[in-house]
Amino acid sequence: DTMRRVVRQSKFRHVFGQAVKNDQCYDDIRVSRVTWDSSFCAVNPRFVAIIVEASGGGAFLVLPLHKTGRIDKSYPTVCGHTGPVLDIDWCPHNDQVIASGSEDCTVMVWQIPENGLTLSLTEPVVVLEGHSKRVGIVAWHPTARNVLLSAGCDNAIIIWNVGTGEALINLDDMHVDVIYNVSWNRNGSLICTSSKDKKVRVIDPRKQEIIAEKEKTHEGARPMRAIFLADGNIFTTGFSRMSERQLALWNPKNMEEPIALHEMDTSNGVLLPFYDPDTNIIYLCGKGDSSIRYFEITDESPYVHYLNTFSSKEPQRGMGFMPKRGLDVNKCEIARFFKLHERKCEPIIMTVPRKSDLFQDDLYPDTAGPEAALEAEEWFEGKNADPLLISLKHGYIPGKNRDLKVVKKNILDNKPAANKKSDLINAPKKAADASNIQNEAKLDEILKELKSIKDTITSQDERISKLEQQMAKIAD
């Protein structure tokens, strides 16, 4: 025991953060000024999206990652909302699909052209209507295709099947106050929420029941955040009664006492946690702070280990966090942030310096890839699946994304009960249903035929290559 190391060993003790050079920033962007604690920025391996000031409605910019430098005032935006946009989230299974929630009480889902926008986009692929107040949170399901969650200031959480435009789950009686954030767990079977009533709740959305909750997770009155970690524990940030910022770790099976609770400082910006499940590192970005602090979560005391702080001069208005598959593995990059200033967006790159040029497999375990593990229907029927993992050994090569197709299932039937017109619409609905069923049957038939032809071709290919091998042998 005398040989115990005083300094805890960790390969992330020397994570090195650096802002990119000026010409690699996105300049002259008027970042939104709405007073809502979302991150205002969402990134994926193709695009960076930023909520911007817009007169007369709500808009966000979508820029291809390489489109750095000064962004022209007339650069096209995504501008279909009639009120300010409060939150945006890229679909994890399609890098050209993004969802937005707005003060106009709607959620919209957009398909971005492969090379970015050349004209402003005003037509969403689908508009999801069901909230009665502004929608401040949108979050895609991590493993099921086309499943989207939204939370509004009506204290309701709605889970949508985007492929049909339907609201399939409505949790409208679980929260008595404003919902600050919602986080899916790793396989998307549970969500956890933090709310203005100082409670953190763990909810099974399909059973529509609260399976754990903690009152006064943090005693202070300012906004909290709660996110699921890969092992099922919950990480929270909030404020103490003395307005000190705190972070805590909880086991949802026993929420009596936190596993760990740390006081940080007395700044008043809300701490936005960004979590990397592959390395178990949490990055905390305070709104209005000029630093990013990072911590490693392990299963030995004190469980939440402070690693370091990246500091800069300018305070941040918001922050985007790149998914793992968008990072440069050749430079040992383990995280990339897109920091919003008042007038620009500045990428910040976090690396673990290594001497070798070889692929560092300890830094890059297999990570969640862009393929969905489940279809929406399977998830709603009760199936669960972990993310489908990919190796980053040769870097990530984006594949072709399929277009988001929305099959409207007599959408007029799904309007909120307030519209009593639905009684008038039921008659033609049956005919439409019948033709829908016919079309689906036809489609199934065509798909089956395609599959059998493909199978035939594959088997013939194999036959040909066998015969060629035999010929080669005889010729030798």
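This is a predicted model: local features need pLDDT of at least 70, side-chain atom pairs count only at pLDDT 80 or more; totals for chains, interfaces and linings use all residues.

Author: Glu440 counts as partly exposed, at 45% relative accessibility. On this scale buried is under 20% relative accessible area, exposed is over 50%, and partly exposed lies in between, with a 1.4 Å probe and protein chains only.

Reader: Where is Glu440 placed?

Author: Glu440 is in helix 2. Helices are DSSP runs of H or I with at least four residues, strands are runs of E with at least two, and both are numbered from the N terminus.

Reader: How far apart are Glu440 and Thr458 in space?

Author: Their C-alpha atoms are 27 Å apart, and in sequence the two are 18 residues apart.

Reader: Which residues form a nonpolar patch on the surface?

Author: Leu443, Ile446, Leu447 and Leu450 do, with about 380 Å² of accessible area together. Areas come from the Shrake-Rupley method with a 1.4 Å probe, and for residues only the protein chains shown count as cover. Patch residues have over 30% relative accessible area and no salt bridge; nonpolar side chains (Val, Leu, Ile, Met, Phe, Trp, Tyr) are joined within 5 Å, like charges within 9 Å.

Reader: Is Leu450 buried, partly exposed or exposed?

Author: Leu450 is partly exposed, at a relative accessible area of 44%. Leu450 sits in helix 2, which covers residues 422-475.

Reader: Now the inside. Which residues touch the most other members of the largest nonpolar core?

Author: Ile29, Val48, Ile50, Phe60, Ile112 and Phe338, out of 40 residues in that core. A nonpolar core is a set of buried Ala, Val, Leu, Ile, Met, Phe, Trp, Tyr and Cys residues joined through side-chain atoms within 4.5 Å.

Reader: Which element gives the most to it?

Author: Strand 4, with six residues. The elements giving two or more residues include strand 4 (47-52), strand 5 (58-64) and strand 29 (333-340).

Reader: What does Phe338 touch?

Author: Leaving out residues up to four places away in sequence, its contacts include Tyr26, Cys41, Val43, Val48, Leu65, Met319 and Pro347. Contact means heavy atoms within 4.5 Å. There is also a second, separate core of 25 residues, which includes Cys285, Ile292, Cys332 and Tyr364.

Reader: Switching to charges. How many salt bridges does the structure hold?

Author: It holds 21 salt bridges, each a side-chain nitrogen of Lys or Arg within 4 Å of a carboxyl oxygen of Asp or Glu.

Reader: What does Arg145 pair with?

Author: Arg145 bridges to Glu375, with the closest N and O atoms 3.1 Å apart. The two lie 230 residues apart, Arg145 in the loop between strands 12 and 13, Glu375 in the loop between strand 31 and helix 1. Arg145 is buried at 13% relative accessibility, while Glu375 is partly exposed at 33%.

Reader: And which residue bridges to Glu219?

Author: Arg241, with the closest N and O atoms 2.5 Å apart. Glu219 is partly exposed at 33%, whereas Arg241 is exposed at 62%.

Reader: Which residues are linked in a network of salt bridges?

Author: Asp28, Arg70, Lys73 and Arg343 are linked that way.

Reader: Last one, Asn161. Buried or exposed?

Author: Buried, at 3% relative accessibility. Asn161 belongs to strand 14, residues 157-161.

Reader: What does its side chain reach at 2.9 Å?

Author: The side chain of Asn161 reaches the backbone nitrogen of Gly163 at that distance. It also makes a polar contact with the side chain of Glu377 at 3.3 Å. A polar contact is a pair of N or O atoms within 3.5 Å; within protein, one must be able to donate a hydrogen and the other to accept it, and residues adjacent in sequence count only if both atoms are side-chain atoms.

Definitions and conventions. Residues are numbered from 1 along each chain as its sequence is written. Side-chain values use heavy atoms; hydrogens and water are left out.
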